[in-house]
Amino acid sequence: MLATILLATVLAATVTACSGGSGDGSRELAASPTPATTTTPPPSGKPGGTLRIVTQWMPSGDPGWADQPGERAVSRLVTRQLYSYPSDEDTTKSTIPRPDLAVGAPVVTENGLVYTVRLRPAARWDTPNQRRITANDVARGIKRLCTPPNPSPLRGYFTATIVGFREFCAQLAATPVADAAAFVESSTVEGIEIVGDDTLAFHLLAPVNDFVDVLALPAASPVPLEALAYPPDSLEYLHNLVSAGPYRFTVAPGEGYRLSRSPSWSASSDGIRRALPDHITIFDGLSPEAMQQELESGDADMSLDGKIPDSRAVELARANDPRLVVDGVGVTLALTVGFNGPSAAALRELSVRRALPYCIDRVSLAAALGGPEFAAAATGLLQETMTGYTDADPFPSPAGLGDAARCREALSHTPGGPVTALSLLTTDSATDVAAAEALRTAFARSGIRLDIRIRTGERYRAAAVHPTGQFWDLALTTIAPDWYGDAGRTVFQPLLDETWAGPRPADGGYRDPGALHLLATALRATSEATAASNWADLEHTLVEQVAVIPLAVVHTPQFHSTNVTAFTIVPSIGTADPTAVSLGSG
C-alpha cells in the first residue's frame, strides 16, 4: 500500500523525542502556492517557558470530534494516535504520517486487507497508576465516533474503510443516548480485532493506500474507559479529560485553563511531540479583535481560532512582519453546479456547463479574498502538496481573467432558451460573501444576473446536499482536506460518495459511475506514480465535466507574539503545533 511504502522510507531514520521531523523526503512535491513563509524558522528548538494561548472558545479536547484547527491543536497536547504528522518546516516530511503510539509501520497481509499494528509499551494514561494505553483503548476511541445524538464528523473515513463499522454505527445510532456508552463498551466491530493488549488488526473492506493517514486522524486516538462517563465533545469531557499526551490540565475553568507536563508521558516513547513549553495557558471568550490586540501587545503568544482582521492582515503582509505566518496549504473554494435547479434544462447540457468557467474572473476573485498573500487562483481541486497535483486548466482564458464574450454566447443558446440569470447559494461567511460579490461582478460582464441566496448553518447544509430540492444553480462550497499528502480521498470521496457519513461539500446531483470507479482505482494504486496518475485523471474528469468549478485556494494568516522564536504550521493541524513552539523567555 502506498502510505505504508512511504511510511517505511521514513522509518529508516531514528525517531527521537526531540526530532523536528526526520525522514528522507522521498516524495518530490511542489512548493507552496503562496510566496509567504509557512514557518518562523528557529535558530534552535528552545525548551521552557509558558506558552500563552487565546481563543474564542475552548475546545473539548475530545479527539474524536477534532476537525477544526483549534481542536486539533489542543488534541496535540493531550492525545496521541497510532500514527501522526511531524512538525517540520519541509512539507514533504510534515505530510507523511510517522509512528506515534505504533512501534513502526503496520504489517499488511491478505493482499492489503489486513493492517496489524503493535503499540509502544511505554505509552501511558495520566492516571494515578499510570495505566498503559492498550489496543482496547484504541478500539474504544474509534467505536464511540458514532455516538448519538451528534456523531463525529470524521466517522466517514472509518465507515468507508473498516469491515462492519457502518453496521456498528447504524446500531449505535439507534441506541438510546443513555445506553450508548454501555453499547460501545460491550459491543465489537467485526473489522477491529484485538489481538492482545499491545496489538490490534484492522480488516478492510477493500485495499486502500491511505489507511495509515486514516489512522493518523485525531479520531483514531485511544480513549480511556473513564471517558465513557461523559458526553462526547462536551464540557464534561474537557473537565474530566485523562491525558495521553505530554501535557495535562491542572487548573479548572474560571481561572483560565492551565496545562503542565504530564508525569505519565515519556519523551522516549513519543517521536512526534517535542513538548518544548514547560506550561501552557489557554484563555477563552475573546473576540478576534481582542485576541489580535493581546498578541500584538505581547500579552499572549498564539491563538487557536482567531481570524486576523482583513485590513490588518494586509498591512502586516505588506510590511513583511515576521510575526505573521501564512499556512502553505489551505482550503479550496469551488462552485458546485446544480443539475436540478431553476436552470437545469441548460446546465444538464455539457456544452453549456463548459461555458461557465469562462464566466469567472479568478484573478479578481482571488484579489477579493485577500490577494496573493492569502489566496491563489485554482483550476484544480488538488493542492500542490498532494499526490496527483497538476496545474492543468481545461478552460484557459487570457491571464485567467475569464472570457465574457464566450460565456455570453454559450448561455444565450441553450435548449431552454437564453440564460440571463442564475441563482447562487452561499453562506454568510466573510470569505463566501466576498467571493459571491466577485462572482456577481464577473457574471454581469457576460450579461448574466447572479441572484445570491444566503443560508446559514444547518439551513445552508440542508440546501446544499439535497439535489432533488435544489432552488439554486450554483453553490459556493469549501473543500477542507483532513490531510495533505496522499490526500485524494479526503478531497474526492465526500464530494462523490452519496453514502459518505459526515459533512459533505455541496452536491449538485452529478452522478458518474466512471468517476466512482476512478476513485476506487486511485485508492488501490500500489505505487506513487500510479496513484498520482489516477488522482489526476479523476480530477480532470470532474473539472472537464464541470461538475465542480475550482476557484481559489484560501490560506489562513496567523499571528504570534515577538516572544515566539519557532512557529511551525503542521498542515494536518491547520495551525502551529503548540508542543513545538519555542519561546524566547524559556
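## Close-up views of a predicted model

**View 1. Helices H19 and H20 cross in a left-handed sense.** A crossing is called left-handed if the near helix is turned anticlockwise from the far one by less than a right angle, and right-handed if clockwise. Helix H20 spans residues 528–544, and its axis lies 8 Å from that of H19 at an angle of about 160°. Axes are lines fitted to C-alpha atoms, for helices over the stretch in contact, with angles running from 0 to 180 degrees between N-to-C directions. The two helices are therefore roughly antiparallel (under 35 degrees counts as roughly parallel, over 145 as roughly antiparallel, 65 to 115 as roughly perpendicular and the rest as oblique). On the H19 side, the contact residues include Leu518, Thr521 and Ala522; on the H20 side, they include Trp535, Leu538 and Thr541. Contact means heavy atoms within 4.5 Å.

A note before you go on: this is a predicted model, in which local features need pLDDT of at least 70 and side-chain atom pairs count only at pLDDT 80 or more, while totals for chains, interfaces and linings use all residues. Residues are numbered from 1 along each chain as its sequence is written, and side-chain values use heavy atoms, leaving out hydrogens and water.

**View 2. Helix H18 (residues 488–496) meets helix H19 (residues 513–524).** Their axes come within 11 Å and cross at roughly 150°, and the crossing is left-handed. H18 contributes Arg489, Phe492, Gln493 and Leu496 to the contact, and H19 contributes Ala515, Leu516, Leu519 and Leu523. Helices (H or I, at least four residues) and strands (E, at least two) are DSSP runs, numbered from the N terminus.

**View 3. Six strands make an open sheet with mixed pairing.** Follow the order S15-S19-S14-S18-S16-S17 across the sheet. Strand S15 (375–377) and strand S17 (449–454) are the edges, each pairing on one side only. From one strand to the next, the twist averages 30°. Strand S16 (residues 421–426) pairs with S17 in the parallel sense over six bridges; two strands pair if DSSP finds at least two bridges between them. Here Leu422 stands opposite Leu450 in S17.

**View 4. Cys146 and Cys169 are joined by a disulfide, S to S 1.8 Å.** A disulfide is a pair of cysteine sulfur atoms within 2.5 Å. The torsion about the S-S bond is about 60°, so this disulfide is right-handed. Cys146 sits in the loop between helix H4 (135–143) and helix H5 (156–159), and Cys169 in helix H6 (residues 165–173), so the bond ties together parts 23 residues apart in sequence. Both Cys146 and Cys169 are buried (under 20% relative accessible area; exposed is over 50%, partly exposed in between, with a 1.4 Å probe and protein chains only). In the loop between H4 and H5 you will also find Pro149, joined to Pro148 by a cis peptide bond with omega of about 5°.

**View 5. A disulfide links Cys359 and Cys407, with sulfur atoms 1.9 Å apart.** Cys359 lies in the loop between helix H13 (350–353) and helix H14 (362–368), while Cys407 belongs to helix H15 (residues 404–411). Both cysteines, Cys359 and Cys407, are buried.

**View 6. Glu110 has a positive phi of about 50° although it is not a glycine.** Look for Glu110 in the loop between strand S5 (107–109) and strand S6 (114–118). Its relative accessibility is 54%, so Glu110 counts as exposed.
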